[in-house]
Amino acid sequence: MKKFYLIISCLIFLIDANAQSYKTLHFNSIVCDTHNDIISTCLEKGYRFDSNLTGKTHSDLKRMFQAGIDVQVFSIWCDETQPQPFAFANREIDTLYAWINRHPDSMVIVKNSNDLIQAVQQHKLACMIGVEGGHMIEDDVNKLSSLYARGARYMTLTWNNNTSWATSAKHETDTSHPAHLGLNDFGKQVVKSMNRMGMLVDLSHVGEHTFWDAIHTSTKPILVSHSDVYALCPVFRNLKDEQIKAVAKNGGVIQLNFYSGFLDSTFPAKETAFEARHKAEKDSLMQAGKQEFFADNYLFLKYADEVKNMRAPFHLLLDHLDYIVKLVGVDYVGLGSDFDGITFPPQQLDDVTAFPLITKALMERGYKDEDIKKILGGNFIRVLKANEVK
Ligand SMILES: [Zn+2]
């Protein structure tokens, strides 16, 4: 009997030690998330980032600290229907600066890797700016420079829409959205300007032609701020094996998106079934004047139990990560959650506070501490440094 108790206490000790060690490792690592849309969500819904938004959003200031996030790239985004995208981008940047000004003890703008390290040492949230969509520069390199001067350190060449100079993954072959296939001369000039000023070229959202044109034009390592693996989930936003190999060859990094629809190949069928079940209700909401996005959101909240079952299993995020590591090595992958820009994160990853579970899962899959640190932030910081202009 004594022996039995001894074994049980040893087991409890081991479980405890394991819990302790993943948290220790997580909170002692520099954790970088390269994509979060909370600014757009706050502007849209009138929320305050520094209030408790639990249950309403995936993120807020307090929960980012609980998550152990050290570096957050805030996405600056508007869709193509916005009549003044450059002005809107500046409004979003103003919003971030207003938050930082209200909380100088816990938030700081970060424009380079030195600032970043200093912010981490001071235990402040290192706030970075990423522009999501080349349409926000309105075909004007001066506007690109202006966004850089305000702190933008990456720009996805496109969002889901085409620009006059780059085609997106969503509409690359869509003749109803005519554009030059891939990058035209001005598009290549944009990439070169970004290289010159030290702004990371982000190839999430771009079409394959744009991807190859950009990676051949860029003289610096590129970023893919929030995308997954096409071989595991063949959707337009994910990267094919040849693209993953090209990013590794270029010394860039792929930051994994948490959206169930990009992780789980069975997700589209589940989503279609959900829509069919609630079609009548959605139609009446839209007839009453709700935009489609908000009609969907309303239904997702109302039928939360159904939605929960649609979410991808957590292990799939790790499967995508393992796939990239097996294909090209551990130096080319990281995390770009897309929290507050997605409706369906995987199960268990309910909000940002679940970030430490990723570190735990990486340990359980046998990754060494030093490799986990690369995945959590080291790889992104390497790419940031490589883009800096001395
Ligand atoms: Zn996006």
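Me: Is strand β5 enclosed or open to the outside, and why?
Reply: Strand β5, residues 152-156, is largely enclosed by the rest of the structure, because 5 of its 5 residues are buried. Here a residue is buried if 20 or more other C-beta atoms lie within 10 Å of its own, exposed if 12 or fewer, and partly exposed in between, with C-beta atoms placed from the backbone. Helices (H or I, at least four residues) and strands (E, at least two) are DSSP runs, numbered from the N terminus.

Me: Before I go on, what kind of model is this, and how are residues numbered?
Reply: This is a predicted model, in which local features need pLDDT of at least 70 and side-chain atom pairs count only at pLDDT 80 or more, while totals for chains, interfaces and linings use all residues. Residues are numbered from 1 along each chain as its sequence is written.

Me: Back to β5, which strands does it pair with?
Reply: Strand β4 (residues 125-132) is joined to β5 by 4 bridges, and the two run parallel, while β5 and strand β6 (residues 200-202) pair in the parallel sense over 3 bridges. Two strands count as paired if DSSP finds at least two bridges between them.

Me: Where do the side chains of strand β8 point?
Reply: In strand β8 (residues 253-256), Val253 and Gln255 point one way and Ile254 and Leu256 the other way, and all are buried. In a regular strand the side chains alternate between the two faces of the sheet.

Me: Which strands pair with β8?
Reply: Strand β7 (residues 223-224) is joined to β8 by 2 bridges and runs parallel to it, with Leu223 having Val253 as its bridge partner in β8. The chain crosses from β7 through helix α9 (residues 241-250) to β8, and this β-α-β crossover is right-handed. β8 and β9 also pair in the parallel sense, over 3 bridges, and the partner of Gln255 in β9 is Gly334.

Me: What comes in the loop between β9 and α16, say at Asp340?
Reply: Asp340 lies in that loop, between β9 (333-335) and α16 (355-364), and its phi is near 70°, a positive value in a residue other than glycine. Most residues other than glycine have a negative phi, and most peptide bonds are trans. Gln348 lies in the loop between β9 and α16 as well, and its phi is near 75°, again a positive value in a residue other than glycine.

Me: Are those two buried or exposed?
Reply: Asp340 is buried, with 25 other C-beta atoms within 10 Å, whereas Gln348 counts as partly exposed, with 14 C-beta neighbours inside 10 Å.

Me: Changing topic, what does Ile100 touch?
Reply: Not counting residues up to four places away in sequence, Ile100 touches Met107, Val108, Ile109 and Cys127, where two residues are in contact if their C-beta atoms, placed from the backbone, lie within 7 Å. Ile100 lies in helix α4 (residues 85-102) and is partly exposed, with 16 other C-beta atoms within 10 Å.

Me: Now the whole chain: how many helices and strands are there?
Reply: The protein chain has 17 helices and 9 strands, and 43% of its 390 residues count as buried.

Me: Which domains does the assignment give, and how far apart are they?
Reply: Domain 1 covers 29-264 + 313-387 and domain 2 covers 266-311, with bounds that come from an automatic or database domain assignment. Their C-alpha centres lie 27 Å apart, and 8 residues of domain 1 are in contact with 9 residues of domain 2.

How values were computed: A crossover is right-handed if, with the strands pointing away from the viewer, the path from the first strand over the helix to the second runs clockwise.
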